[in-house]
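This report describes selected features of a two-chain protein model. The sequence and the structure are shown first, and the description follows.

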Amino acid sequence: MNAIQIDRDRCSGCQTCYDACFVDVYRWDAEADQPIIAYPEDCVECNKCELECPEECIRVVPDFPGIYWPEVV
Amino acid sequence: MATLDSLGTVLTADLLIVGGGIAGLACAISAKETDPDVDVLVLDKVVAGWGGKANKGGGNIVFMDPADGIDNFVDFHVHNVGEFLEDQELLRDFGNESRGNLERLESWGVHIYRDDAGEPKYVRWLPEQPWRLAVLDQDLTLNMAKHARKLGVRFMDRVEIIDLLKDGERVCGAIGFGMVDGACVVVQAGAVVLANGNQCYKLMPRWSSAGGEGIAAAWRAGAAMRGAEFGNFINWVFADTKEVCQGAEDVLYNTKGENISKRVRPTLESDVASKEVVEWWNEVKAGNGPICANMAENYVNNEIVPAFHEDKLAVRPVSMKFWGLTIGKAMAASTVHGPMQPVMPGLNAELSPIKVDHQMATTVPGLFAIGDACYAGACLAGAVPAPPGRMRGSGLGFATFSGVRCAPAAVAAARAAAGQPDAAQAEALKARIFAPLGRTGMAAPDMVRAVQDVMAPVGYALYKSADRMEEALDKVLALKAQVPTLAAGDPHYLAACHVAESMVLGAEMFYRASLVREESRGWHLREDFPQRDDAKFLKWIELRDADGEMAVSLHDVPVDTYSLRP
């Protein structure tokens, strides 16, 4: 499974990562004003959250060997 | 007795557009340009402008220049791409309108890169191809959403639409739920446009967003499907990272050092075809694998792909960052170094079968479909999966074309008659939609993997034969029997259950249509019927629901009315 690392000390609570994720990995903790990595199992390493974070405090670590791949032959 | 208000949040709009990617936004903007007073509501499963594929792809869009000659374009396409299954009138319109659509996109805030003379900068995938690829940046949909808001288009994000509401035969709204709070959402609308993508079976990283919910909703509403047998697109991927290996199709080598691509494509062709995948399959089965792409000889990867990245063509800050990061991570993780890179087929599928006419109207009154939901169903591309349909840049091109085309007709339909949703019908649909929340049973990811297991094998979906497809279809039908056991614990996984159900439906459409086409044409390759058969199969294959069964019928392609005939 891909890992999503957030430096929460630097997170400004702008919600860009929450909006940018097109596969609904994130939820938003309104009280803490911080993202919640709710469904990391669905991350498809588009990297948009990392790319668009204005504070550059997100890192997506793809798990290439862990990608499920059916027998194709 | 239930009222609509008692079921959940009730929204109204003249025109409901499901999906805020490039097609949905093009349609929303065009609808407001058609009639500024029309009330347009765009619902997106996540966030409009961020979703969809357009902002995660190559950032190129096909267009024709008068110097290329529209006749040359149609001729090339019909003979080299779609093999006479194109709707040649629509293909010609697509080419003719492509240049104007570039300018439309530009007026909507999309940056089209131009040269000093003001002409769009472009590249060609292959030198002789009579079409061009303009480049744009990956912030296109965000800019389009911003423009749509300025025109008064309304948006509601994080709403998943599952089913359509009907008043008699006419679609009059839709029903779904909030992705975060799980609350039921009912929409009453004069007309509905499905712009929420095709079916990709969620196998490939990044390209896996499309779950086919719109196709499934259209099917349950009674819409006909067409061209489902071509929903089997495969991209070559590096074996270790599953990152796409552009251009591998021309430089495949077996372990004996033989170039197996040259056997089936002695000259450069327009993009990936299915026949080299068959060569891969045969070689691996014969023990001559792993098959490697010789990157030192890879024309597309070495000559064309870099052209998109050269500052002299266009400096695209968002795209450059995107590709730099994604490709960079894959390259850093690569376990094989040197020019010979093991590759394998990666299923994209791109099942896009909603049947539409030239205004993108489906066979159900009040219901339209655009973009990836109906590319094959429009029959523009012929005997190929679409996008890309062996024409890179056609995904963005068709999304824009179909969105623009659809808007006047959808606005007229929305204005002509507003049906009234029936509360009892909506209540029954709500019960069906939410049923997985009350169950213990099969988890959606398990169903998704099981469908992938039936769609990804080359011997099932790419190199077809009656016995193997019947075996695959039996597996699909066994999964279909398990759909009523799908279980979810929250709205996210409730949506996943409906995606899984849509995948099963898509797989059934694909195999049922494929079994009927007893010939080989384009991406439809039959081991048991290896020849093209124009006498029997110069036809489009349609699927319709017949009392719960999937009925298949064949319809003549009207080639006698076209300029090109076999």
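Pro290(B) is found in the loop between helix H8 (275-285) and strand S13 (292-294) of chain B. In this predicted model, the peptide bond that leads from Gly289(B) to Pro290(B) is cis, with omega near 5°. A cis peptide bond also joins Ala386(B) and Pro387(B), where omega is about -5°. Pro387(B) lies in the loop between strand S15 (367-369) and H11 of chain B. Most residues other than glycine have a negative phi, and most peptide bonds are trans. A backbone feature of another kind occurs at Glu83(B), which has a positive phi of about 50° although it is not a glycine. Glu83(B) is placed in the loop between helix H3 (70-80) and H4 of chain B.

Two packed helices are described by the angle between their axes and the distance between the axes.

| Helix pair | Angle between axes | Distance between axes |
|---|---|---|
| H4(B) and H11(B) | about 90° | 9 Å |
| H6(B) and H16(B) | roughly 70° | within 9 Å |
| H12(B) and H16(B) | about 95° | 10 Å |

Angles from 65 to 115 degrees count as roughly perpendicular. H4(B) and H11(B) are therefore roughly perpendicular to each other.

Helix H4 covers residues 88-107 and helix H11 covers residues 394-416 of chain B. In their contact, residues of H4(B) including Leu90(B), Phe94(B) and Arg104(B) meet residues of H11(B) including Phe398(B), Phe401(B) and Val404(B). By class, this contact has 6 nonpolar, 3 polar and 4 charged residues.

H16(B) takes part in the other two pairs of the table. Glu213(B), Ile215(B), Ala216(B), Trp219(B) and Arg220(B) of H6(B) make the contact with Val499(B), Glu501(B), Ser502(B), Leu505(B) and Met509(B) of H16(B). The residues of this contact divide into 6 nonpolar, 1 polar and 3 charged. On the side of H12(B), Arg432(B), Ile433(B) and Phe434(B) meet Leu494(B), His498(B) and Glu501(B) in H16(B). Here the division is 3 nonpolar, 1 polar and 2 charged.

**The second largest pocket**

About 290 Å³ of space lies in the second largest pocket. It is lined by 13 residues, and the closest to its centre are Trp219(B), Arg220(B), Lys480(B), Glu501(B) and Leu505(B). Helix H6 (213-220), helix H16 (491-516) and strand S21 (549-556) of chain B each give two or more residues to the lining. H16(B) gives the most, with 4 residues. The lining residues comprise 6 nonpolar, 1 polar and 6 charged.

**Chain A and its interface with chain B**

The secondary structure of chain A comes to 2 helices and 4 strands. Read along the sequence, these elements follow the pattern β-α-β-β-α-β. The C-alpha trace of chain A spans about 50 × 20 × 15 Å along its principal axes.

The size of an interface is often given as the accessible area lost when the parts come together. Chain B and chain A bury about 3,400 Å² between them, and 64% of this area is on carbon and sulfur atoms. Trp50(B), Lys329(B) and His492(B) supply 19% of the area that chain B buries against chain A, more than any other three residues. In terms of contacts, 46 residues of chain B touch 31 residues of chain A.

Key:
Residues are numbered from 1 along each chain as its sequence is written. Chains are lettered from A and ligands numbered from 1 in the order in which they are written. This is a predicted model: local features need pLDDT of at least 70, side-chain atom pairs count only at pLDDT 80 or more; totals for chains, interfaces and linings use all residues. Side-chain values use heavy atoms; hydrogens and water are left out. Axes are lines fitted to C-alpha atoms, for helices over the stretch in contact, and angles run from 0 to 180 degrees between N-to-C directions. Angles under 35 degrees count as roughly parallel, over 145 as roughly antiparallel, 65 to 115 as roughly perpendicular and the rest as oblique. Contact means heavy atoms within 4.5 Å. Ala, Val, Leu, Ile, Met, Phe, Trp, Tyr, Cys and Pro count as nonpolar, Asp, Glu, Lys and Arg as charged, and the others, Gly among them, as polar. On a 1 Å grid over the protein atoms alone, a cavity is a set of points where a 1.4 Å probe fits but cannot get out, and a pocket is an open set with protein on both sides within 12 Å along at least five of seven lines; lining residues have an atom within 4 Å of a point. Grid points are joined across faces, edges and corners, and a volume is the space filled by probe spheres set on the points. Buried area is the accessible area (1.4 Å probe) that two parts lose on being put together, summed over both.
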